[in-house]
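Dear colleague,

Please find below the structure that I am handing over to you.

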Amino acid sequence: MKFGGTSVADPDAINRLISIVKHRIDSQKPGDEAPVVVVSALAKVTDALVQVARDAEDGQGARAEATLRALVDRHVSVAAAVTAASREATIAGVKSEFEELIGLVHALAVLREVSPRSLDAVLATGELVSSRIVAAAFADHRIPSAWVDARAVLVTDAEYNGAAPDMHGTGERTRERVGVHSAAGRVAVLGGFIGSTANGVTTTLGRGGSDYSAAIFGASLDVDEIQIWTDVDGMLTADPRIVPQPQLVPQLTFAEASELAYFGAKVLHPSTILPAVDKNIPVRILNSRRPDNSGTLITHDGAAADGALTALACKRDVTVVDITSTRMLMAHGFLRRLFEVFERFKTPVDVVTTSEVSVSVTVDDTRRLEAIVDNLRNFAEVNLEREMAIICAVGENLRSDPTLFGRAVTALERVPLRLVSQAASRRNITFVLRDSDVPHAMMRLHEAFF
Ligand code: ADP
Ligand code: ASP
Ligand code: MG
């Protein structure tokens, strides 16, 4: 059971979490193992810690410390409100975790340098303290529980800020250090998002990574269901911040959910589905404010949606890279050479289209784009177009109903489309367009299909 930032934001949210878990335990059959709970940092805490790291890098040590002191106060007041017998010990634990961080940030501010590795050490504090508070609150509500340091369980590589799990090592440790508690009827509570390298250096899985942590632990324990408790009723037909009043998608397939998450449906971290697919474990998205709703169930087979499409997603602010070479394009080896450049700079491309003399790709992560362009210019002309976006229409029905593609294009009649693609899976149609056209285009598509 994974609870996101808004589901642990304040004492009321944590009390709702406790009653959800309690209800779950009360409805178990004898012999069932206790659920495992994975929590994010309290709402907005990771954003605040990112700012703390930036301030440290700018030498603004005093400002960073002031932010951290405010975070200490917030966590102490939440901890005080949700605990009883363990109140003092919990508050002391929260304070000492933050004191350690204040020392680290002070050093970073003196050096004015925050490496990706240091950033992970800073960000991890959010999940470390939230999970301690929730574990203590369970105990004080007479729910047998155990806090488990996720860094001692989730083994990752050393790609800081977006580490990949070592599923084998993590699986063993999860069974040893988490499974024992479930088997004994104790609710193990872990912070999501965080892990450590084989050498014990703290890492994170990337922003939004708590969903992924939950799926990794769930797959390691071969659980019956992975539950993602959040602030919306489930997967919706579009991002509610862009399309007002989207509809709930009651069921969808792993493949559809992966596409939607990858192309921007923030309710699921893009990697969440992978561990679930491997073990064929259903994933359910639920609203922690309305726990009686059935949410969205994601399974291997899903269910054929009545409508034509399953949902829409969009990825904002991407860059289109046009690579043109009249001389080279049709020569064999050109595409390999081109993609090798992206590979060398560890930059994934999302949409790819080709014409006779040019290849266009979209890039989301532009940190290394300058170097990529320099390298590409050794053998091709390169043109960049920024402030673009990807809209992705997803649905298994796209495979069987060839008219859907036309309907989608028609719905977008006056919106200038830069690239259009439909992949071999034929589970999605992808449009690349100006970012400023996204709200209008999403509304048009949503009206046409939902
Ligand atoms: P949590 O903190 O629980 O992990 P997130 O903020 O990461 O929550 O994800 C939930 C948010 O995802 C929703 O509040 C919603 O604004 C956004 N979202 C974007 N696209 C979708 C979608 N297709 N369906 C549901 N939510 C979406
Ligand atoms: N707290 C982390 C973040 O805000 C991880 C998560 O919430 O999933 O990115
Ligand atoms: Mg999230």
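The shell of residues around ligand 1 divides into 7 nonpolar, 4 polar and 5 charged. In this scheme Ala, Val, Leu, Ile, Met, Phe, Trp, Tyr, Cys and Pro count as nonpolar, Asp, Glu, Lys and Arg as charged, and the others, Gly among them, as polar.

Please note that this is a predicted model, in which local features need pLDDT of at least 70 and side-chain atom pairs count only at pLDDT 80 or more, while totals for chains, interfaces and linings use all residues. Residues are numbered from 1 along each chain as its sequence is written, chains are lettered from A and ligands numbered from 1 in the order in which they are written, and side-chain values use heavy atoms, with hydrogens and water left out.

Ligand 1

Ligand 1 is surrounded by 16 residues, and the closest are K2, T230, D231, L236 and K266; a residue is near a molecule if one of its heavy atoms lies within 4 Å of it. Polar contacts (pairs of N or O atoms within 3.5 Å) are also present. K2 places a polar side-chain atom 3.0 Å from an oxygen atom of ligand 1, and for R241 the corresponding distance from a polar side-chain atom to an oxygen atom of the ligand is 3.3 Å. From G5, a polar backbone atom is 3.1 Å from an oxygen atom of ligand 1. Ligand 1 taken alone exposes 580 Å², of which the protein buries 88%; such areas come from the Shrake-Rupley method with a 1.4 Å probe.

Ligand 2

Around ligand 2 lie S40, T46, E127, F193, R207, G208, G209 and S210. By class, this shell has 1 nonpolar, 5 polar and 2 charged residues. Nitrogen atoms of ligand 2 lie 2.7 Å from a polar side-chain atom of T46 and 2.6 Å from one of E127. R207 has a polar side-chain atom 2.6 Å from an oxygen atom of the ligand. On its own, ligand 2 has 260 Å² of accessible area, and the protein covers 85% of this.

Helix 7 and a pocket

Which helix gives the largest share of the lining of the second largest pocket? Helix 7 does, with 3 residues; helices are DSSP runs (H or I, at least four residues), numbered from the N terminus.

Yours sincerely

Note on methods:
A polar contact is a pair of N or O atoms within 3.5 Å; within protein, one must be able to donate a hydrogen and the other to accept it, and residues adjacent in sequence count only if both atoms are side-chain atoms. Helices (H or I, at least four residues) and strands (E, at least two) are DSSP runs, numbered from the N terminus.
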